[in-house]
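Colleague: I am new to this structure and would like to get to know one part of it well. Please pick a spot and take me through it slowly, together with whatever lies around it.

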Amino acid sequence: MNKPKNYMVESILVTLFCCLPLGIVGIINASKVDAAAAAGNDAEAQRLSAEAYKWVKYGFFAGLVVGVLYLVFMFVLGGVAMMGNR
Amino acid sequence: MWYKILIAIALVLAVATYFQFDPAITTNNFPKCPLYSFTNLYCTGCGSQRAFHQILHGNFIQATHYNVMAVIFLPYILLKYLIDLGNYLFNKNINLSFYSNRKVNLSILVVFIIFTVLRNIPIYPFNLLAPHK
């Protein structure tokens with residue numbers, strides 16, 4: 001039985017660079033994966049791994065959506081400002 | 001496969017953007033953290049955009065002023081992806097044990113939480129952990 005991926009590095013990346021605390025939840029789950037695997041609880045390790053992945057995904061897409069919305073907002077504002085200056 | 005190429009292009013563009021423009025300059029209009037905008041709290045990643053710009057320019061000291069953790073964990077993250085890339089290219093299966101060591105991972109969690117609490121205390125020396133010039 002292979003040890004499930006713990007998503008620790010991905011969780012840290014999301015926590016540090018997506019500016020959203022969702023990554024912390026990922027780290028909490030990621031840090032439990034290997035403990036469960038070491039205890040021989042494979043089902044629990046699989047579940048925690050999936051859970052960690054879920055939060056990494058949420059954090060990543062939340063960051064992406066905020067970033068894209070921000071860009072759109074800025075372009076709209078810029079366009080309005082330009083039209084006002086005609 | 002096609003989405004991997006898209007991700008690679010997006011990554012290169014993102015790095016180039018962070019190299020060229022300094023998020024610390026407000027007229028550059030980088031996205032602000034929504035949590036900070038609403039609560040004025042510094043979360044774990046606060047200052048990491050500004051820190052990343054400084055890291056790309058080799059100013060590691062200024063980067064630690066913005067976000068110490070981004071600087072400390074950069075080698076940790078890069079090493080992992082380098083190993084993964086090496087494993088993929090040379091069809092190996094090398095794993096460093098501290099990436100899946102539960103004591104190491106729990107310590108990281110505890111350090112992150114303590115760091116996040118401390119950087120929100122507006123008293124010296126804790127305010128050195130908050131993003132500053």
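Modeller: Let's start in chain B, where B:Phe73, B:Tyr76, B:Phe98, B:Tyr99 and B:Phe112 form one aromatic cluster. Rings of Phe, Tyr and Trp (its six-membered ring) pair if their centres lie within 6.5 Å; planes under 30 degrees apart count as stacked, over 60 as edge-to-face and the rest as tilted. Please keep in mind that this is a predicted model, in which local features need pLDDT of at least 70 and side-chain atom pairs count only at pLDDT 80 or more, while totals for chains, interfaces and linings use all residues. Residues are numbered from 1 along each chain as its sequence is written, chains are lettered from A and ligands numbered from 1 in the order in which they are written, and side-chain values use heavy atoms, with hydrogens and water left out.

B:Phe73, B:Tyr76 and B:Lys80 are in helix α5 of chain B, and they are among its buried residues. Helices (H or I, at least four residues) and strands (E, at least two) are DSSP runs, numbered from the N terminus, and buried means under 20% relative accessible area, exposed over 50%, partly exposed in between (1.4 Å probe, protein chains only). The helix covers residues 68-90, 23 residues in total, and from its first C-alpha to its last it reaches 34 Å, close to the 33 Å expected at 1.5 Å a residue (the expected span is 1.5 Å times one less than the number of residues).

Let's follow α5(B) along its length. At its start, a side-chain oxygen of B:Asn67 comes within 3.0 Å of the backbone nitrogen of B:Met69. Further on, the helix bends by about 35° at B:Leu74, with a proline, B:Pro75, following within four residues; this bend is the angle between axes fitted to the seven residues ending there and the seven starting there. After the helix comes B:Asn91, with a positive phi near 55°.

What covers the buried residues of α5(B)? Its cover includes α1 (8-17) of chain A, together with α3, α4 (60-66) and α6 (102-118) of chain B. Turning to α1(A), eight of its 10 residues are buried, including A:Met8, A:Ile12 and A:Leu16. They pack against α2 (22-38) and α3 (42-84) of chain A, as well as α3, α5 and α6 of chain B.

The segment before α1(A) holds A:Tyr7. This tyrosine has a phi near 60°, positive although the residue is not a glycine. A:Tyr7 counts as buried, because its relative accessibility is 15%, and the charged end of A:Lys5 sits over its ring, 5.1 Å from the centre.

Back to aromatic rings, now elsewhere in chain B. Over all chains, the structure has 13 aromatic pairs. In one of them, the ring centres of B:Tyr18 and B:Phe30 are 5.3 Å apart with planes at 35°, so the pair is tilted. B:Tyr18 lies in α1 (residues 2-20) of chain B and B:Phe30 in the loop between α1 and α2 (34-39), so the pair ties together parts 12 residues apart in sequence. B:Tyr18 also pairs edge-to-face with B:Phe52, at 5.7 Å centre to centre and 70° between the planes. B:Phe52 is in α3 (residues 48-56) of chain B, so this pair links α1 and α3 across 34 residues of sequence.

In the segment after α6 lies B:Pro125, joined to B:Tyr124 by a cis peptide bond with omega about 5°.

Conventions. Lys NZ or Arg CZ within 6 Å of the ring centre and 35° of its normal. Contact = heavy atoms within 4.5 Å. Polar contact = N/O pair within 3.5 Å; in protein donor to acceptor, adjacent residues only side chain to side chain.
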